[in-house]
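Open the model in your viewer and have the selection tool ready. The stops below go from one selection to the next.

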Amino acid sequence: MYDIGIIGGGTAGMTAAVYGQRAGKKTLIIEGGAFGGQITSSPNVENYPGIASVSGSEFSMNLLDQAMKLGADTVTEQVTGIRDEGGQKVIVTAGKEYSCKSIILATGVTHRHLGAPGEERLTGAGVSYCATCDGMFFRGRDVAVVGGGSTALQDAEFLSNYCKKVFLIHRRDGFRGEDSIVKRLREKENVEFILSATVKEIVGEDMVEKLILNHKKTGEESELPVSGVFVAVGQIPKNEIFADTVKLDADGFILASEDCITSHPGIFAAGDCRTKEVRQLTTAAADGAVAALAACKYIAE
Ligand code: NAP
């Protein structure tokens, strides 16, 4: 019987494990894929307090190491459901069940797709959702990044170091991401902004060959020859399997406020998977701490 079962091994989940273990609680983190979460794709994190600059993968590996050295158990299994049996809560995976006194849902979010024709078919053949993972394959080539948030800006900056040309395509004139990166990108000779434009189609037989763009202001279409397109148009939650147990909002985020308390006693939500205004590395870490301490309080009651 674990005191705290944590679903999701990203920043929120791993921070919850650090706080849980330090409070003397037996803690388990269950991760369906690779530990580290979303931040592992960030080439350079520059806005975490006290750390001027660190790669996302180094940050997350340090955090995992910290949680494990404190005694947290980790397993890599896909969670298929949770249930409350009154005296205990159960986390169900493909082959096993884990009994816990409390559960923290820290499932994060997944990549939103553009929904453009050609996108699914050419994923892995020029369409990518991770510049740090796949950018090297496009060394010396022309690529496009789609999106206007921090991820798109960071991706464009990262790719500009390897690619011949980077086109940053955004559906509006204004960016959601940080001005400081926009400024740096404007100074790069091999970065070109294509604003107020959307991707109508991704074209290519076996590999991406070009994009068909729609220009919102003129209503015109144009073709953009590129070898790769990096889609960075935001994130969507993946909480359907918990919908019978905790309340979700209309967009699928777990309803919980800054106290990380969900609609179900003893089940907490931390990080990007819950309803919140600001989804940042710092707020994910903060949620991990808040949820773990709330779980400790619940167990003691
Ligand atoms: P985001 O901030 O939600 O930005 C998504 C971007 O994609 C927006 O510019 C949006 O346009 C655009 N978009 C959405 N749907 C689209 C569509 N169907 N077609 C074309 N464009 C579309 O997502 P994100 O950049 O992945 O960032 C997610 C969160 O992580 C944010 O809070 C961000 O600050 C944080 N983050 C932090 C770091 C870090 O280093 N600490 C790094 C990366 C991300 P509109 O602007 O018009 O809505």
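This is a predicted model: local features need pLDDT of at least 70, side-chain atom pairs count only at pLDDT 80 or more; totals for chains, interfaces and linings use all residues.

Select Cys 100. Its relative accessible area is 0%, so Cys 100 is buried.

Now select Cys 260. Where does Cys 260 lie? Look in the loop between strand E16 (235-237) and strand E17 (267-269). Cys 260 is buried, with a relative accessible area of 0%. Check its backbone as well: phi is positive, about 65°, although Cys 260 is not a glycine. Most residues other than glycine have a negative phi.

Ser 196 is the next selection. Here, too, phi is positive, at about 50°, and the residue is not a glycine. Ser 196 sits in the loop between E11 and strand E12 (197-203). With a relative accessible area of 8%, Ser 196 is buried.

How many disulfides does a search of the whole structure find? It finds 1. To see the disulfide, select Cys 130 and Cys 133, whose sulfurs are 2.0 Å apart. The torsion about this S-S bond is about 70°, so the disulfide is right-handed. Cys 130 has 10% relative accessibility and therefore counts as buried.

Move on to helix H4, residues 150-160. Of its 11 residues, 9 are buried, so the helix is largely enclosed by the rest of the structure. Colour the buried ones, among them Ala 152, Leu 153, Phe 158 and Leu 159. The buried set also includes Asp 155 and Glu 157. What do the buried residues of H4 pack against? Show these elements around the helix:

- helix H3 (131-134) and helix H5 (179-186)
- strand E9 (142-146) and strand E10 (165-170)
- strand E11 (191-195) and strand E15 (228-231)

Then select Phe 175, in the loop between E10 and H5. Is Phe 175 buried or exposed? It is buried, with a relative accessible area of 16%. Leaving out residues up to four places away in sequence, Phe 175 touches residues that include Leu 153, Leu 168, Val 182, Phe 193 and Leu 195. Leu 153 is also one of the buried residues of H4. Gly 147 is another residue that Phe 175 touches. The C-alpha atoms of Phe 175 and Gly 147 are 8.6 Å apart, while 28 residues separate the two along the chain.

For the last stop, show helix H1 (residues 11-22) with helix H2 (residues 56-69). They pack at an angle of about 30°, and their axes are 9 Å apart. The two helices are therefore roughly parallel to each other. H1 passes H2 in a left-handed crossing. To see where they meet, select Thr 11, Met 14, Thr 15, Ala 17 and Val 18 in H1. On the H2 side, select Phe 59, Ser 60, Leu 63, Leu 64, Gln 66 and Ala 67. Coloured by class, this contact has 7 nonpolar, 4 polar and no charged residues. An α-helix has 3.6 residues a turn, so residues three or four places apart point the same way.

Conventions:
Residues are numbered from 1 along each chain as its sequence is written. Side-chain values use heavy atoms; hydrogens and water are left out. A disulfide is a pair of cysteine sulfur atoms within 2.5 Å. Buried means under 20% relative accessible area, exposed over 50%, partly exposed in between (1.4 Å probe, protein chains only). Axes are lines fitted to C-alpha atoms, for helices over the stretch in contact, and angles run from 0 to 180 degrees between N-to-C directions. Helices (H or I, at least four residues) and strands (E, at least two) are DSSP runs, numbered from the N terminus. Angles under 35 degrees count as roughly parallel, over 145 as roughly antiparallel, 65 to 115 as roughly perpendicular and the rest as oblique. A crossing is left-handed if the near helix is turned anticlockwise from the far one by less than a right angle, and right-handed if clockwise. Contact means heavy atoms within 4.5 Å. Ala, Val, Leu, Ile, Met, Phe, Trp, Tyr, Cys and Pro count as nonpolar, Asp, Glu, Lys and Arg as charged, and the others, Gly among them, as polar.
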